[in-house]
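Trainee: Could you take me on a close look at a single part of this model? I would like one connected walk-through, with the cut-offs given as you go.

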Amino acid sequence: MTNTIYIKYFDYTKHKHIFIYNLTKIHYTYKITNKINSNFYIGKHTHDIQSNKKDNYYGSGELIIKAIKKYNIENFDKEILAYYRTESCALTGESIVLTKD
């Protein structure tokens with residue numbers, strides 16, 4: 001069974017926003033911000049929406065894992081920066097965000 005989800009994503013090959021639906025996975029870039037010291041972490045993730053599980057992903061990098069252990073998860077905010085149709089577009093989006101910040 002495919003969940004119907006409507007998302008707006010930016011297609012870098014066409015340089016415009018497009019709406020898509022009937023996805024099994026969503027790819028996105030995110031920003032995790034430490035509410036105590038304002039440090040932030042940028043990344044990309046793919047979530048299987050057919051699993052019907054809440055997406056609790058906060059990153060897998062060594063620095064974010066150490067920070068979450070030190071400050072506790074409730075002291076972090078997760079912001080979805082953009083959704084993408086493919087993982088390769090999400091990787092491109094992540095690299096663009098990293099060069100901006």
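Trainee: In which strand is His27 found?

Mentor: His27 is found in strand β3. Before we go on, a word on the ground rules: this is a predicted model, where local features need pLDDT of at least 70, side-chain atom pairs count only at pLDDT 80 or more, and totals for chains, interfaces and linings use all residues. Residues are numbered from 1 along each chain as its sequence is written, and side-chain values use heavy atoms, with hydrogens and water left out.

Let's start with the strand itself. β3 covers residues 25-34 and is mostly covered, as seven of its 10 residues are buried. Strands here are DSSP runs of E with at least two residues, helices are runs of H or I with at least four, and both are numbered from the N terminus. Buried means under 20% relative accessible area, exposed means over 50%, and partly exposed lies in between (1.4 Å probe, protein chains only).

Next, the partners. β3 runs antiparallel to strand β4 (residues 40-48), and nine bridges join the two; strands pair if DSSP finds at least two bridges between them. Within this pairing, Thr29 has Lys44 of β4 as its bridge partner. The β3 and β4 hairpin has five residues between the strands, and there Ser38 takes a positive phi near 70 degrees. Strand β5 (residues 76-84) is also antiparallel to β3, joined by eight bridges, with Phe76 of β5 standing opposite Asn34.

Back to His27, which is buried with a relative accessible area of 9%. Its side chain makes a polar contact of 2.8 Å with the side chain of Thr46. A polar contact is a pair of N or O atoms within 3.5 Å; within protein, one must be able to donate a hydrogen and the other to accept it, and residues adjacent in sequence count only if both atoms are side-chain atoms. Setting aside neighbours within four places in sequence, His27 is in contact (heavy atoms within 4.5 Å) with residues including His45, Thr46, Tyr84 and Ala90.

Another residue worth a look is Asp55, in the loop between β4 and α1 (62-71). Asp55 is partly exposed, at 23% relative accessible area. Beyond its neighbours within four places in sequence, Asp55 is in contact with Tyr28, His45, His47 and Lys78. The side chains of Asp55 and Tyr28 are joined by a polar contact of 2.4 Å, and the Asp55 side chain also reaches the backbone nitrogen of Tyr57 at 3.3 Å.
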